[in-house]
Amino acid sequence: MSKSNDALNIILQLILGGIAVLIAQYILPGVHVSDFITAVVIAALIALLNITIKPILIILTIPITVLTLGLFLLVINALLIMLAAEIVPGFEIDGFWWALIFSFVLSIINSLLGVSLGGSTR
């Protein structure tokens with residue numbers, strides 16, 4: 001029973017993440033997503049990148065993160081968004097600044113929707 005609830009929770013989180021991607025895309029003219037399935041794939045890929053690559057990048061960039069008082073973490077988020085845009089067909093970002101703004105807007109929308117993609121649920 002618990003495993004099915006966990007699987008259902010993951011699917012629900014991915015669908016809400018896809019909705020958040022579409023909302024952010026609607027708000028920002030520099031972000032282009034082709035359809036809902038692409039948005040769900042983007043949400044899943046961003047979660048996967050946040051779980052795997054982001055901790056490694058954070059450890060490798062500790063000195064610059066300390067010097068910038070943590071603001072370099074925003075750059076890491078934008079770079080991961082740009083990496084997702086390179087991997088997923090149907091997802092385009094018009095530049096670094098749009099990726100930075102998209103990551104910020106997506107974080108706000110995910111917070112409002114209660115989505116915890118890539119984070120621990122406990």
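Leaving aside its neighbours within four places in sequence, which residues is Ala39 in contact with?

Author: The model is a predicted one, in which local features require pLDDT of at least 70 and side-chain atom pairs count only at pLDDT 80 or more, while totals for chains, interfaces and linings use all residues. Residues are numbered from 1 along each chain as its sequence is written, and side-chain values use heavy atoms, with hydrogens and water left out.

With neighbours within four places in sequence set aside, Ala39 is in contact with Gly18, Val21, Leu22 and Val33; contact here means heavy atoms within 4.5 Å. Ala39 is found in helix 2, where helices are DSSP runs (H or I, at least four residues) and strands likewise (E, at least two), numbered from the N terminus. At 0% relative accessibility, Ala39 counts as buried; the classes are buried under 20% relative accessible area, exposed over 50% and partly exposed in between, with a 1.4 Å probe and protein chains only. Ile15 stands 24 residues from Ala39 along the chain, and their C-alpha atoms are separated by 8.6 Å.

Helix 1 (residues 2-27) packs against helix 2 (residues 36-60) at an angle of about 110 degrees, their axes being 7 Å apart. Axes are lines fitted to C-alpha atoms, for helices over the stretch in contact, and angles between N-to-C directions run from 0 to 180 degrees. That makes helix 1 roughly perpendicular to helix 2, on a scale where angles under 35 degrees count as roughly parallel, over 145 as roughly antiparallel, 65 to 115 as roughly perpendicular and the rest as oblique. Helix 1 passes helix 2 in a right-handed crossing; a crossing is right-handed if the near helix is turned clockwise from the far one by less than a right angle, and left-handed if anticlockwise. On the helix 1 side, Leu14, Ile15, Gly17, Gly18, Ile19, Val21 and Leu22 take part, and they meet Phe36, Ala39, Val40, Ile42, Ala43 and Ala44 of helix 2. The contact of helix 1 with helix 2 has 11 nonpolar, 2 polar and no charged residues. Here Ala, Val, Leu, Ile, Met, Phe, Trp, Tyr, Cys and Pro count as nonpolar, Asp, Glu, Lys and Arg as charged, and the others, Gly among them, as polar.

Helix 1 also packs against helix 5. The axes of helix 1 and helix 5 come within 9 Å and cross at roughly 135 degrees, which makes helix 1 oblique to helix 5. The crossing of these two helices is right-handed. Helix 1 contributes residues including Gly17, Ile19 and Val21, and helix 5 contributes residues including Phe102, Val105 and Leu113. By class, the contact of helix 1 with helix 5 holds 12 nonpolar, 3 polar and no charged residues.

Helix 5 meets helix 4 as well. Helix 4 and helix 5 pack at an angle of about 105 degrees with axes 8 Å apart, so helix 4 is roughly perpendicular to helix 5. In this contact, Leu74, Val75, Asn77, Ala78, Leu79, Ile81 and Met82 of helix 4 meet Phe96, Ala99, Leu100, Phe102 and Ser103 of helix 5. The residues of the contact of helix 4 with helix 5 divide into 10 nonpolar, 2 polar and no charged. Asn77, in helix 4 (residues 72-87), is buried with a relative accessible area of 19%. Not counting residues up to four places away in sequence, Asn77 touches Lys54 and Ser103. Glu86, also in helix 4, is exposed at 70% relative accessibility.

The aromatic side chains complete the picture, with a count of 2 aromatic pairs. Rings of Phe, Tyr and Trp (its six-membered ring) pair if their centres lie within 6.5 Å, and planes under 30 degrees apart count as stacked, over 60 as edge-to-face and the rest as tilted. Phe91 and Phe102 form a tilted pair, 5.8 Å centre to centre with 50 degrees between the planes. Phe91 lies in strand 2 (residues 91-93) and Phe102 in helix 5 (residues 96-113), so the pair ties together parts that are 11 residues apart in sequence. Phe91 and Phe102 are both buried. The rings of Phe96 and Trp97 have centres 5.4 Å apart and planes at 75 degrees, so this pair is edge-to-face. Phe96 is partly exposed, with a relative accessible area of 26%, whereas Trp97 is exposed at 61%.
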